[in-house]
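Hi,

Here is the structure I promised to pass on.

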Amino acid sequence: MKITRVSYERLDLSLSVPYTIAYETVTRASNFILKLETDGKHVGYGCAAPDLEVTGETPESAQQAIEWFLLPFLKGRSPFNYTRILEELKSLCPDNPSVWAMVDMALLDLVSKKAGVPLYHYLGGYQDSIETSITIGILGLQDTLTMAREYSGRGFRILKIKGGINLEEDIERMIRLREEFPETVFRFDGNQGYSVEDSIAFVTATQEVGIQIFEQPTKTKTDHILGEVTHAVGIPVMADESLKTLDDAFRLAQHDLIDMVNIKLMKVGGILEGMHINSVAKSAGLEAMVGCLDECALGISAGLHFALSRPNVHFADLDGHLDLENDPFQGLFRLQDGILYPSRIPGLGFVE
């Protein structure tokens, strides 16, 4: 099987519900869709979702890498050489992890279609479903409660709450949420907004809430501060923006600076690299969550298949597609009562 034609399209998608996190307000997202046609019947698809803060890319820099390097590079290659292709691609465009992820997805989509199995079966098929959280951005108390009621009514049992701008308001929101939703699992994402002192104060004040995961409370490039929080609080601390590469995973694990890792395919460069990072986490006794950016359902499907293939992945935060308007990828998986179920169609589940 050889790649005979390489093409892409850019999707600029508006969010039906814009959201605020500690460092920005998000109203739209740019995704790129890669299409790999072959000399047989199979066609592979991948998705890139560049994000300046998380992946270090703008839509323009990602598009430039696709047009300058990717289109001529892939034609004539065999998808079964995906490890070599991905290593060579990193040399061509070293600053574009979402572009690597897009190629990684499309190649794995092709080889699993050739094998005639869903991608998660090709990768190991450890489990058949996983429960996801759904995210509430930084809102006032009443708006937070309103959204929590809506999501609870749709069957979601895990809510991830964004914070990091106002400590007192964050504490109040979490306490009130627990009062109204005694059975819901809560995760909290500080998105780099807290100091060590803020982090300790937050965890102390919300002790009775029973927060499951405390995600990225402090700024990146200050590992020792993140480590101080990890050793000072009694709930699991997870690295997100601090963990973008395999080297990051090794360093954070080696120095016992975190309890958990958030593996987002867009920031680490795809499923193959995600497997390496997950192996480091597993060897260090760290639990793993598969997260996402603002990705269409094609990107979410890749994250889901990766999560289902690894025994060390017990957590998922794969909700980035839910508020994207005019997402052209539908039916790739099923979401019911907060649980994600993959399609049984070979590959990532997309057939034109």
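Glu179 is exposed, with 56% relative accessible area; exposed means over 50%, buried under 20%, and partly exposed in between, using a 1.4 Å probe and protein chains only. Before we go on, this is a predicted model, so local features need pLDDT of at least 70 and side-chain atom pairs count only at pLDDT 80 or more, while totals for chains, interfaces and linings use all residues. Residues are numbered from 1 along each chain as its sequence is written, and side-chain values use heavy atoms, with hydrogens and water left out.

Back to Glu179: what does it pair with? Glu179 makes a salt bridge with Arg176, and their closest N and O atoms are 3.7 Å apart. (A salt bridge is a side-chain nitrogen of Lys or Arg within 4 Å of a carboxyl oxygen of Asp or Glu.) Both residues sit in helix 6 (residues 167–180), 3 residues apart, which is about one turn of the helix. Helices here are DSSP runs of H or I with at least four residues, strands are runs of E with at least two, and both are numbered from the N terminus. Arg176 has 31% relative accessibility and counts as partly exposed. Salt bridges with shared partners also join Lys160, Lys162, Asp189, Glu215 and Asp317 into one network.

How many salt bridges does the structure hold? There are 21. Another one links Glu87 and Lys90, with the closest N and O atoms 3.3 Å apart. Those two are 3 residues apart in helix 2 (residues 82–92), so about one helical turn separates them. Arg10 and Asp12 form one as well, at 3.0 Å between the closest N and O atoms. Arg10 is partly exposed at 29%, and Asp12 is partly exposed at 40%.

**A buried Glu**

Glu57 is in the loop between strand 3 (43–48) and helix 1 (59–74). It is buried yet has no salt bridge, and the nearest side chain of opposite charge, Lys244, is 9.6 Å away.

**Rings**

The structure holds 11 aromatic pairs. Rings of Phe, Tyr and Trp (its six-membered ring) pair if their centres lie within 6.5 Å; planes under 30 degrees apart are stacked, over 60 edge-to-face, and the rest tilted. Trp68 and Phe69 are edge-to-face, at 6.4 Å centre to centre with 75° between the planes. Trp68 is exposed at 57%, whereas Phe69 is partly exposed at 29%. The ring centres of Phe202 and Phe214 are 5.5 Å apart and their planes are at 25°, so this pair is stacked. Phe202 lies in helix 7 (residues 196–205) and Phe214 in strand 8 (residues 213–215), so the pair ties together parts 12 residues apart in sequence.

Cheers

How values were computed: Lys and Arg count as positive and Asp and Glu as negative; His and the chain ends are not counted.
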